[in-house]
Amino acid sequence: AAAADLGASQPAIQATLTACLIGLAVGQIFVGPLSDSIGRRRPMVVGMALFIVSSLLCAVAPSVYLLDVARLLQGAAGAAGIVLSLAIVRDLFDGVAAARMIAALMAVGGVAPIVAPLAGAQLLRFMDWRGLFVVLAGLMYLSRKVDWYGLADKATARGWEASQASEQVMTARLQAQGMLTPEKGDLLMRQ
């Protein structure tokens with residue numbers, strides 16, 4: 001249906017999934033370090049907003065080329081959810097509690113690729129392919145209303161403390177190995 005609607009070949013339509021996966025992979029590279037430096041909430045809010053906008057762009061895409069770009073952005077926005085969910089669990093939980101939460105996230109991540117196509121197929125009985133992207137945008141809009149009880153703020157504070165402690169441990173190790181001079185703070189390269 002999408003191929004005929006956009007006047008594109010079936011492989012061109014299938015390439016939109018590849019664009020989404022590339023966005024997902026590349027987005028993770030940037031979101032993780034960014035959330036470590038500026039906190040969890042802003043990247044989460046921006047990721048959710050970008051997902052909504054890119055999903056709506058997919059819904060109104062007049063060509064397969066714009067659909068590719070929108071899917072790339074959608075994937076990059078989705079990366080925020082993957083990275084930040086694990087970061088927030090790491091920031092808020094330790095030991096067995098962290099293992100339980102990570103197991104729950106992995107279970108959702110394992111079930112979602114099975115359930116999503118089935119749900120999409122059922123939705124296609126009532127709407128066209130563009131409607132699926134509107135549904136995705138709507139679901140993200142509803143989920144952004146959930147504050148998660150301030151978890152992102154708590155995770156940011158705790159993550160910052162953990163980051164500072166980790167930096168202190170690494171500095172001490174480098175100084176002990178003679179690779180970092182404490183008076184200059186310079187990294188010495190051994191030959």
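Helix 3 passes helix 6 in a left-handed crossing. In this predicted model, helix 3 covers residues 41–60 and helix 6 covers residues 129–144. Two packed helices are described by the angle between their axes and the distance between the axes. Here the axes come within 8 Å and cross at roughly 165 degrees. Because angles over 145 degrees count as roughly antiparallel, helix 3 and helix 6 are roughly antiparallel to each other.

| Helix | Range | Residues in the contact |
|---|---|---|
| Helix 3 | residues 41–60 | M48, F51, I52, S55, L56, C58, A59 and V60 |
| Helix 6 | residues 129–144 | W129, R130, F133, V134, L136, A137, M140, Y141, S143 and R144 |

By kind, the residues of this contact between helix 3 and helix 6 divide into 14 nonpolar, two polar and two charged.

A polar atom of the T16 side chain lies 2.6 Å from the backbone oxygen of I13. Apart from its neighbours within four places in sequence, T16 is in contact with V64, L67, D68 and R71.

For the protein chain as a whole, there are seven helices and two strands. Read from the N terminus, the order of elements is α-α-α-α-α-α-α-β-β. The chain has 191 residues, of which 29% are buried. Among contacts between residues at least 6 apart in sequence, 71% join residues at least 24 apart.

Key. Residues are numbered from 1 along each chain as its sequence is written. This is a predicted model: local features need pLDDT of at least 70, side-chain atom pairs count only at pLDDT 80 or more; totals for chains, interfaces and linings use all residues. Side-chain values use heavy atoms; hydrogens and water are left out. Axes are lines fitted to C-alpha atoms, for helices over the stretch in contact, and angles run from 0 to 180 degrees between N-to-C directions. Helices (H or I, at least four residues) and strands (E, at least two) are DSSP runs, numbered from the N terminus. Angles under 35 degrees count as roughly parallel, over 145 as roughly antiparallel, 65 to 115 as roughly perpendicular and the rest as oblique. A crossing is left-handed if the near helix is turned anticlockwise from the far one by less than a right angle, and right-handed if clockwise. Contact means heavy atoms within 4.5 Å. Ala, Val, Leu, Ile, Met, Phe, Trp, Tyr, Cys and Pro count as nonpolar, Asp, Glu, Lys and Arg as charged, and the others, Gly among them, as polar. A polar contact is a pair of N or O atoms within 3.5 Å; within protein, one must be able to donate a hydrogen and the other to accept it, and residues adjacent in sequence count only if both atoms are side-chain atoms. Buried means under 20% relative accessible area, exposed over 50%, partly exposed in between (1.4 Å probe, protein chains only).
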